[in-house]
Amino acid sequence: MALKIVKSQCTVCGACEFECPNAAIKFKGEAYIIDAEKCTECEGQFDTPQCAAVCPVPGTCVPA
Amino acid sequence: MSVTPIPISGLQVSSRKEMGAAMTGGGGCSSGACGSSQGPADMDPETWARVKDHPCYSEEAHHYFARMHVAVAPACNIQCNYCNRKYDCANESRPGVVSERLTPEQAARKVLAVAASVPQLSVLGIAGPGDAAYDWRRTQATFALVAKQLPDIKLCLSSNGLALPDHVDEIVAMNIDHVTITINAIDPEIGQHIYPWIFHDGKRRTGIEAATILRDRQLQSLEMLTARGVLVKVNSVLIPGLNDAHLIEVNKAVKARGAFLHNIMPLISDPAHGTHFGLSGQRGPTGAELKKVQDACAGGANLMRHCRQCRADAVGLLGEDRGQDFTLDKLPEEIADATEARTAYRDWVAEERRDRASAAADAEAAIAGADKPALFAVCTRGSGRINLHFGKATEFQIYEADARGIRFVGHRRADNYCLGGHGDAARMDEILRVLGDVPFLLCSKIGDGPRKRLAGAGIEAIDGLAQDYIETAIAAVLHSKTARAGLSAERA
Ligand code: SF4
Ligand code: SF4
Ligand code: SF4
């Protein structure tokens with residue numbers, strides 16, 4: 001149960017990073033990546049995954 | 001009078017005249033164009049005192065002062081149909097576009113470097129590429145670093161307003177005295193066609209709901225900020241067929257809530273930018289359409305007419321962009337601040353302003369007889385003078401003169417950087433198109449070829465008034481015209 005970021009789509013804006021309730025998203029090198037260990041798909045915290053809801057590019061934060 | 005030389009960007013100058021020559025001689029001070037309606041005359045003295053050195057807030061100041069933006073805030077909490085932060089071309093000039101994202105520490109270094117070599121610098125703004133209030137941690141960290149090192153530089157930020165109410169207290173505490181809020185509609189029926197979604201309270205929201213929340217938060221921020229004495233300017237993007245008629249309502253609503261300036265900007269919608277509006281064929285307004293909406297709002301909130309829709313990493317005077325001169329890899333290791341150069345420059349401006357103001361008053365008195373308004377296109381590189389070669393102008397300041405006075409009414413760009421590769425002939429066609437309704441052009445010099453082409457299109461090019469103040473030159477033209485026996489003041 002985790003999401004991932006499609007690197008080729010990402011604009012590296014970082015909005016997902018500070019919306020993630022579990023600090024699962026980090027800037028590594030040139031891109032944002034989701035730590036599958038920490039990602040809960042926002043279960044129990046929000047109706048929808050926060051990263052996908054705030055991301056400006058459709059289809060960038062998707063199920064891993 | 002003995003004067004000690006003042007170092008300005010490596011130049012040693014000893015008199016006001018030399019300073020003038022140094023500042024306009026291709027150093028930092030080469031604004032391509034513009035001016036607006038805002039001057040000491042139509043602002044209350046307290047507001048004027050606060051904005052007089054802010055190039056974006058005062059038309060008069062933009063002839064003398066430079067601003068810079070640092071791109072530290074990439075994250076945004078809404079989507080606008082005219083924005084796409086995914087593509088950047090270094091030659092593109094539009095909001096939301098940057099070539100380099102900076103950390104607050106890198107940004108502070110860059111501000112220090114620019115302040116040390118551009119004595120005209122008076123303002124640091126954070127305007128994206130995302131939203132400065134949403135990406136607050138980075139915005140705040142940057143301002144804190146700069147305020148500590150450069151207390152004489154004013155701070156301002158731009159926001160869509162959604163997250164602003166949460167930060168008003170900090171904005172006041174940090175001494176940020178200017179904020180810009182972009183409000184394109186106050187009617188959610190219209191707003192829903194501009195914003196496909198917003199992200200608020202943990203949820204993506206769309207349609208009327210999204211447009212209503214955004215509108216409410218925008219107006220709330222405006223009220224909260226003005227109540228605390230923060231100067232607020234409102235930006236609106238003019239989208240023909242969507243909000244052109246509605247902007248009068250927006251103007252009234254924001255004026256009622258204390259906005260001191262309203263900036264109506266044209267939609268930029270080149271399909272190459274990949275924005276929704278660009279791809280769906282929504283066109284931007286023509287210069288004349290823009291002026292019409294601005295004129296229709298006259299009497300409401302003061303209108304800003306010299307906005308350049310700058311990049312979120314622009315550096316320098318409005319109308320020029322020296323951002324590429326100050327990329328991270330070009331910053332020097334050691335940066336020594338040059339406070340004394342900025343102070344000397346500000347003193348020079350104070351004298352120059354007094355001079356220009358009295359020249360303008362004389363000029364206006366002299367044309368009291370002119371009946372119909374006449375438009376003038378002016379080539380200038382700043383300081384309120386005619387001091388730019390026609391061939392070097394990439395935009396023209398448009399002035400209007402009649403019995404009520406001489407005033408700036410807008411600027412028009414003459415070349416489109418992003419298309420690139422245009423020949424001179426094509427550029428000339430574009431110039432003739434944008435100046436179609438302007439009978440006179442004032443510049444410091446012009447070649448015979450372009451002069452003939454302009455004349456063929458009914459535009460008289462005048463280069464005999466180089467170095468004069470703009471107002472003085474316009475009065476001189478109107479005079480000789482009346483002298484040439486009652487020619488109509490208008491040729492459009
Ligand atoms: S789905 Fe939720 S928990 Fe997982 S990365 Fe996205 S925001 Fe974080
Ligand atoms: S919100 Fe989307 S575009 Fe922005 S950094 Fe995260 S994945 Fe990339
Ligand atoms: S975009 Fe407009 S308001 Fe912003 S810096 Fe440029 S001219 Fe000033």
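Reply: Let's begin with residue classes: Ala, Val, Leu, Ile, Met, Phe, Trp, Tyr, Cys and Pro count as nonpolar, Asp, Glu, Lys and Arg as charged, and the others, Gly among them, as polar. This is a predicted model, in which local features need pLDDT of at least 70 and side-chain atom pairs pLDDT 80 or more, while totals for chains, interfaces and linings use all residues. Residues are numbered from 1 along each chain as its sequence is written, chains are lettered from A and ligands numbered from 1 in the order in which they are written, and side-chain values use heavy atoms, leaving out hydrogens and water.

By those classes, the shell around ligand 2 has nine nonpolar, three polar and no charged residues. A residue belongs to such a shell if one of its heavy atoms lies within 4 Å of the molecule. Around ligand 2 you will find, among them, A:Cys10, A:Cys13, A:Cys16, A:Cys55 and A:Cys61, together with A:Ile5, A:Val12 and A:Pro56. Ligand 1 has 13 residues around it, of which A:Cys20, A:Asn22, A:Cys39, A:Cys42 and A:Cys51 come nearest. That shell has nine nonpolar, three polar and one charged residues.

Now on to chain B, with 14 helices and 18 strands; these are DSSP runs numbered from the N terminus, helices being H or I with at least four residues and strands E with at least two. Of its 492 residues, 57% count as buried, meaning under 20% relative accessible area with a 1.4 Å probe and protein chains only (exposed is over 50%, partly exposed in between).

One buried residue to look at is B:Asp402, with a relative accessible area of 4%. B:Asp402 lies in strand β15, residues 395–402, and its side chain makes a polar contact of 3.0 Å with that of B:Arg407. Such a contact is a pair of N or O atoms within 3.5 Å; within protein, one must be able to donate a hydrogen and the other to accept it, and residues adjacent in sequence count only if both atoms are side-chain atoms.

Finally, the aromatic rings. Rings of Phe, Tyr and Trp (its six-membered ring) pair if their centres lie within 6.5 Å; planes under 30 degrees apart are stacked, over 60 edge-to-face and the rest tilted. Over all chains there are seven pairs. B:Tyr345 and B:Trp348 form a tilted one, 5.5 Å centre to centre with 35 degrees between the planes. Because they are three residues apart in helix α11, about one helical turn separates them.
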